[in-house]
Protein chains: 2
Amino acid sequence: MAQAQTSKDEPDSAAGLVLPHIAAMAGYVPGEQPADGAIVKLNTNENPYPPSPAVRAAIEAACENLELYPDPSAREVRACAAELYGVDADGVLVGNGSDELLSILVRSIVAPGAAVAYPSPTYSLYDTLVEIRGARAQRVAWGPDHALPVELEAAPARLIFICNPNAPSGTIVSTDRIEAFARKREDAVVVVDEAYVDFADQNALSLVGRLPNVVVLRTLSKSYSLAGLRVGLALTSPGLAAQLHKVRDSYNVSRIAQAGALAALRDQPTMRAHVEQVRRTRARLRDELETLGFEVAPSHTNFVLARRPEENLAGLATALRERRVLVRYFTALPDALRVTVGTDAAIDAFLDALRDIGFSS
Amino acid sequence: MAQAQTSKDEPDSAAGLVLPHIAAMAGYVPGEQPADGAIVKLNTNENPYPPSPAVRAAIEAACENLELYPDPSAREVRACAAELYGVDADGVLVGNGSDELLSILVRSIVAPGAAVAYPSPTYSLYDTLVEIRGARAQRVAWGPDHALPVELEAAPARLIFICNPNAPSGTIVSTDRIEAFARKREDAVVVVDEAYVDFADQNALSLVGRLPNVVVLRTLSKSYSLAGLRVGLALTSPGLAAQLHKVRDSYNVSRIAQAGALAALRDQPTMRAHVEQVRRTRARLRDELETLGFEVAPSHTNFVLARRPEENLAGLATALRERRVLVRYFTALPDALRVTVGTDAAIDAFLDALRDIGFSS
């Protein structure tokens with residue numbers, strides 16, 4: 001009721017209370033998270049399989065002491081990640097999702113007005129984080145066949161994001177190429193965002209610590225089936241990690257998230273089995289989409305980008321939605337749909353919907 | 001091993017990769033979180049009683065869908081908080097602890113180089129957040145009897161923090177005084193940080209929405225016994241909330257945290273019973289400390305500040321630690337110790353340790 005009285009002038013007055021660049025921005029729009037469980041959800045790259053059963057047991061045990069603050073330095077998770085990835089525990093940061101780690105990197109390294117560079121198109125959150133910071137996004141178009149663009153080597157930015165494998169293209173840049181790039185850019189922090197890397201055949205772990213300006217980001221949201229728990233990891237040199245820790249909220253990872261992450265990281269076989277199943281389904285999905293007339297680049301992730309060059313697929317996304325199948329459409333990539341690799345049954349439902357709409361081999 | 005080779009020059013080179021003001025800062029030092037369960041822990045103002053039993057059940061249920069992202073807008077928690085506190089759900093933000101909400105406020109409202117004002121001494125995290133932002137802290141000494149200082153009314157700052165009840169003094173400013181202040185400062189966002197307010201006899205909820213520049217912060221860490229879960233709430237006008245949402249990570253509150261918070265907020269009787277027990281123990285603790293020669297202002301929180309004017313109590317904190325009792329000593333307040341109101345047994349152990357050290361009535 002009180003709102004009804006003030007709603008007419010409130011947006012303006014509230015905008016005047018925050019910084020002008022915040023008032024001017026639209027805000028990030030995450031993919032839809034429907035409450036309706038009957039929908040086939042292939043829009044936000046979740047793993048269709050459950051996490052390790054050890055996660056639930058660990059979370060239940062962590063419920064014993066919820067009145068106490070968590071370990072502010074997440075020592076057990078960091079030690080476990082260090083052993084698993086062959087890096088120094090002092091170079092590991094744990095975040096409330098890798099999104100928080102991306103935000104910490106921007107706030108630590110980039111002054112308002114300065115630039116952040118990245119190949120484009122890529123994970124759209126980078127644009128939002130740059131906008132929040134009042135910084136400048138220097139987007140450099142991917143080279144032929146999604147090669148790392150040469151122009152990035154000269155970009156006047158102290159922070160460079162490389163989403164690898166990239167979203168939404170699903171493509172990957174070789175570790176050798178990343179290493180050569182990072183050596184040329186010793187003046188900058190080079191972030192290799194490996195959110196999807198467990199679905200690929202390579203990764204950049206060999207660079208961690210050896211090149212002090214490289215940060216490898218991992219998340220438990222995709223391969224470990226824990227998007228709902230919010231845990232990400234940054235792997236870098238101890239010196240850079242010590243700086244980033246200053247900007248992190250001291251209690252940023254809950255007791256529950258620390259316990260669940262530890263259990264998930266310790267159960268590699270469950271994660272590997274689910275990744276292998278996703279890769280098998282991914283191969284089939286690609287074949288079927290090509291048969292139905294889509295162009296699909298080989299994917300190194302748990303999604304594929306299905307293109308109909310020169311067509312606008314917004315209507316197709318709507319038609320799929322009417323058939324209770326959610327996929328992701330980006331206005332910046334109008335001739336493509338990004339489709340998460342779900343269970344075989346979910347992919348069959350998606351393909352059936354396409355045929356129902358009129359696609360045929 | 002790799003670190004041993006680079007450790008000599010790495011701190012310098014890493015410092016050169018981040019912003020100069022980040023490299024120069026020391027970082028926030030949270031209170032010690034000992035792994036040793038045998039210690040009497042009265043140093044970080046945790047509630048000694050467990051959360052509502054409904055929290056565990058809700059968390060277990062939320063384990064069913066951890067592979068899916070959480071609701072990015074935390075609708076259920078916001079609706080529940082809105083009903084409980086009598087505010088508009090569109091004016092509610094849910095944070096990964098109220099620490100995250102404080103950080104969002106700073107990043108939304110304060111440009112680097114600009115000022116944030118607050119009475120001092122107060123919650124030391126404010127200093128850290130200002131430092132991370134490269135902003136200026138304008139600390140205004142509390143008035144006589146911890147009155148809100150008149151000088152704050154003229155402080156050239158767009159963001160003003162009032163920790164109320166205040167830490168570490170335990171004192172409170174009346175809602176009428178806060179309202180008059182916020183009306184004079186319509187140019188600024190006035191944040192009333194009510195982390196401890198459930199242990200007091202008043203709060204500033206009546207200002208939410210009515211004064212569009214007021215933000216009331218709540219946490220589930222203290223009265224709801226959920227420091228380990230990381231959930232905070234910001235209650236403000238819908239217009240200002242819409243701006244702050246832009247700066248929030250879209251998936252900042254996990255499925256587990258949303259489910260646990262909802263269960264805790266819905267069980268008011270458990271929270272109230274534990275708060276009443278803490279208040280009874282607090283009264284006894286104050287009496288006993290005064291008998292032992294300490295000055296203790298009436299506390300409106302779940303801790304007391306015990307003073308020996310003109311003495312330095314660092315040695316006393318150490319002597320207590322040797323007797324397995326942790327309390328909080330601040331170098332900025334050398335003649336005081338902050339003591340959390342634990343269980344009656346924990347407080348007896350603390351008082352016994354004081355007597356063992358030589359204090360007597």
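Pro168(A) lies in the loop of chain A that runs between strand E5 (159-163) and helix H8 (175-184), where helices (H or I, at least four residues) and strands (E, at least two) are DSSP runs numbered from the N terminus. This is a predicted model, in which local features need pLDDT of at least 70 and side-chain atom pairs count only at pLDDT 80 or more, while totals for chains, interfaces and linings use all residues. Residues are numbered from 1 along each chain as its sequence is written, chains are lettered from A and ligands numbered from 1 in the order in which they are written, and side-chain values use heavy atoms, with hydrogens and water left out.

**The surroundings of Pro168(A)**

- Pro168(A) is buried, with a relative accessible area of 6%; buried means under 20% relative accessible area, exposed over 50%, and partly exposed in between, with a 1.4 Å probe and protein chains only.
- Leaving aside neighbours within four places in sequence, Pro168(A) is in contact with several residues, including Pro121(A), Thr122(A), Phe303(A) and Phe330(A), where contact means heavy atoms within 4.5 Å.
- Pro168(A) and Arg328(A) are 160 residues apart in sequence, and from C-alpha to C-alpha they are 9.5 Å apart in space.

**How the two chains are related**

- Chain A is superposed on chain B by a rotation of 180° with 0.0 Å of shift along its axis, at an RMSD of 0.0 Å, and that is the relation of a two-fold axis; copies are superposed by least squares on the C-alpha atoms of residues with pLDDT of at least 70 in both.
- Of the residues of chain A, Glu60(A) comes closest to the rotation axis, with its C-alpha at 3.4 Å.

**The interface**

- The contact takes 80 residues from chain A and 80 residues from chain B, and 100% of the interface residues of chain A are also interface residues in chain B, so the copies meet through the same surface.
- Between them, chain A and chain B bury about 6800 Å², 57% of it on carbon and sulfur atoms; buried area is the accessible area (1.4 Å probe) that two parts lose on being put together, summed over both.
- In chain A, the residues that lose the most area to chain B are Leu17(A), Tyr69(A) and Lys246(A), which together make up 12% of what that side buries.
- The rule finds two salt bridges across the interface, a salt bridge being a side-chain nitrogen of Lys or Arg within 4 Å of a carboxyl oxygen of Asp or Glu.
- The side chains of Glu64(A) and Arg56(B) meet in a salt bridge at 2.4 Å, N to O.

- Strand E5 (residues 159-163) of chain B is mostly covered, since five of its five residues are buried.
- On one side of E5(B) the buried residues are Leu159(B), Phe161(B) and Cys163(B), and on the other they are Ile160(B) and Ile162(B).
- Strand E3 (residues 115-120) of chain B runs parallel to E5(B) and is joined to it by two bridges; two strands pair if DSSP finds at least two bridges between them.
- Ile160(B) is the bridge partner of Ala117(B), and Ile160(B) also stands opposite Val190(B) in E6(B).
- From E5(B) the chain crosses through helix H8 (residues 175-184) of chain B to E6(B) in a right-handed β-α-β crossover, meaning that, with the strands pointing away from the viewer, the path from the first strand over the helix to the second runs clockwise.
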